[in-house]
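Keep the sequence and the 3D view side by side. We will walk through the fold piece by piece.

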Amino acid sequence: PEQYKSGRFFSLFLLSQELFTQEPNSAWIHRTISEEAWHSLQKKLYRMSSSPEVKLRVLTLNCWGIRYMSKFCQERYEMIGDLLCEEKHDVVLLQEVWSEKDYLFLKNRISSSHPYSYYFKSGVIGSGLCIFSAHKILDAFLFRYSLNGYPYKLQHGDWFGGKSVGLVILDINGLVVNAYVTHLHAEYCRENDSYLPHRLFQSWELAQFVRHTSKSADVVILGGDLNMHPSDLGCRLLCSYTGLKDAFCEAESFEGCEGGSTLIPENCFTSKEELRQFPQGIRIDYILYKGSASCSVKCKHLQATKGSVPGKTFPYSDHEVVTAALCVQQKERNTRTESNHSEDVNLELVNILNECRTEIKVGVHSAEQMRYSTGRMGILGLVLMFLELVIALVPFVIMETEHTFPRLSFQLLAVLAFTVLLVTGVLYVFYAIEVKVLQGTEDQMRLRVQALQEQVNQCQDSTL
């Protein structure tokens with residue numbers, strides 16, 4: 001054993017001597033590993049020796065970039081571009097960049113500080129999501145949420161936005177970093193939130209997407225406008241199910257408004273009526289993160305703006321800018337865990353999933369009622385169409401050459417019957433899809449709860 005240890009130490013000593021050479025010159029290296037494997041090992045060892053700690057600065061902002069509707073839209077994009085050029089963040093996660101022209105403007109403006117970027121296209125008017133990075137983007141993918149409001153509620157417009165989650169895979173100093181940006185359905189009335197099942201469903205799909213696409217990542221970062229308070233069920237589901245940590249809760253220091261609020265009364269663009277119940281503002285913009293078996297991540301500092309930009313009369317957006325300073329530390333081999341291969345039993349997650357199932361069932365019941373109502377309206381359309389047919393056949397039955405029913409009324413009745421049939425048919429299909437999707441989600445949650453409860457029972461049996 002002592003000879004083995006000394007020989008192993010001697011091999012590592014020789015390897016360290018060859019580490020910074022261009023080619024593996026020692027004969028024992030040629031006999032032990034291939035040239036390709038040597039270069040891969042050389043890169044990893046160099047990364048470990050030269051940069052044991054990686055610092056990342058991440059920014060998220062809902063830009064409120066609705067052309068011709070948002071106030072001072074062009075001026076604010078110029079201010080945002082100046083901010084990104086000056087601060088030189090590693091990763092920038094933006095939402096509500098609805099116009100691709102505005103994205104291209106920012107891309108040209110900050111090309112020197114953020115040479116890599118990606119714009120996610122989705123829906124009728126786009127997803128509004130884009131990512132800028134100072135580091136190379138290896139891959140990108142967009143996942144669109146299956147439910148996203150109702151197309152007939154034009155005053156809200158979420159359905160037309162194609163709410164989604166965008167993923168880019170970054171290479172940052174040899175680390176594989178999965179950066180996600182998302183924007184969930186808005187909450188228009190907290191007392192009577194008809195969109196709660198949709199937002200819960202989006203939280204579930206987001207959690208599933210992050211969980212299944214981040215297994216090979218060293219670092220995971222999620223930022224965006226979640227449209228949820230920190231204590232809301234969807235937010236607790238997302239963090240508990242994925243293991244993501246809230247930068248505001250984990251930060252060693254914080255600079256910003258009380259409670260980390262990102263919608264505040266001091267912002268001249270925010271609706272004071274929406275914040276009437278929350279005089280201190282609300283926090284709905286988040287930066288979430290987690291490490292892996294090989295890396296640990298800490299949030300050293302979190303900062304949020306507080307209203308108007310210094311020297312200007314208005315802020316960057318109706319939301320505040322949130323910036324997190326993260327520190328990534330590689331774990332020692334003997335401290336690494338197999339967290340990627342085995343999951344801890346989380347009793348809190350079981351309770352959260354059961355709460356979610358209850359809310360999803362409420363959404364299923366509501367969707368079934370709407371489907372039933374549209375079905376009855378469809379029957380009314382069929383009755384009108386049958387009445388139209390009867391009126392058209394009356395002259396042939398009584399052998400009259402002319403219609404006794406006024407032609408204009410006959411045409412209006414035909415238009416009404418066709419419109420009712422068309423609208424109710426489309427809505428019936430839409431609500432039928434909503435029912436199936438929500439039922440499928442409840443089944444997935446039930447399956448997950450059963451698996452977690454079995455793990456709990458196994459743990460309890462092993463302790464007896």
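Start with a rule: two strands pair if DSSP finds at least two bridges between them. Helices (H or I, at least four residues) and strands (E, at least two) are themselves DSSP runs, numbered from the N terminus. This is a predicted model, in which local features need pLDDT of at least 70 and side-chain atom pairs count only at pLDDT 80 or more, while totals for chains, interfaces and linings use all residues. Residues are numbered from 1 along each chain as its sequence is written, and side-chain values use heavy atoms, with hydrogens and water left out.

Now apply the pairing rule. Seven strands form an open sheet with mixed pairing, in the order 3-4-2-1-13-12-10. Its edges are strand 3 (116–120) and strand 10 (253–255). Each has a single partner strand, so one side of each lacks a neighbour in the sheet. On average, neighbouring strands here are turned by 20° against each other, direction ignored. For such angles, axes are lines fitted to C-alpha atoms, for helices over the stretch in contact, and values run from 0 to 180 degrees between N-to-C directions. Look at one pair inside this sheet. Strand 2 (residues 91–97) and strand 4 (residues 129–133) are antiparallel, with four bridges. Val91 has Ser133 in strand 4 as its bridge partner.

Helices lie on this sheet. Helix 4 packs on it, touching strand 1 (53–65) and strand 2. The direction of helix 4 makes about 175° with that of strand 1. Helix 5 also packs on the sheet and touches strand 1, strand 2, strand 3 and strand 4. Its direction makes about 175° with that of strand 3.

How do the axes of helix 4 and helix 5 cross? Helix 4 covers residues 73–87 and helix 5 covers residues 100–109. Their axes come within 9 Å and cross at roughly 30°. The crossing is right-handed. A crossing counts as right-handed if the near helix is turned clockwise from the far one by less than a right angle, and left-handed if anticlockwise. From helix 4, the residues include Tyr77, Ile80 and Cys85. From helix 5, they include Phe105 and Leu106. By class, this contact has five nonpolar, two polar and four charged residues. Here Ala, Val, Leu, Ile, Met, Phe, Trp, Tyr, Cys and Pro count as nonpolar, Asp, Glu, Lys and Arg as charged, and the others, Gly among them, as polar.

Strand 6 (residues 164–172) pairs with strand 7 (residues 175–183) in the antiparallel sense, over eight bridges. Val168 finds its bridge partner, Ala179, in strand 7.

Asp225 is bridged to Asp285 of strand 11. Strand 9 (residues 245–246) is also antiparallel to strand 11, over two bridges. There, Asp246 has Leu288 as its partner.

Is strand 11 mostly covered or uncovered? Strand 11 (residues 285–290) is mostly covered, with six of its six residues buried. Buried means under 20% relative accessible area, exposed means over 50%, and partly exposed lies in between (1.4 Å probe, protein chains only). Asp285, Ile287 and Tyr289 are buried on one side, and Tyr286, Leu288 and Lys290 on the other.

Turn to the cysteines. The structure holds zero disulfides, a disulfide being a pair of cysteine sulfur atoms within 2.5 Å. For Cys63, the nearest cysteine sulfur is that of Cys130, 6.6 Å away. Cys63 counts as buried because its relative accessibility is 1%. Cys257 is buried too, at 12%.

Next, find Ser373 in helix 10 (residues 347–397). Its relative accessible area is 29%, so Ser373 is partly exposed. The C-alpha atoms of Ser373 and Tyr428 are 8.8 Å apart, though 55 residues separate them along the chain.

Finally, step back. The chain has eleven helices and 13 strands. Of its 464 residues, 45% are buried. Among contacts between residues at least 6 apart in sequence, 73% join residues at least 24 apart.

Notes. Contact means heavy atoms within 4.5 Å.
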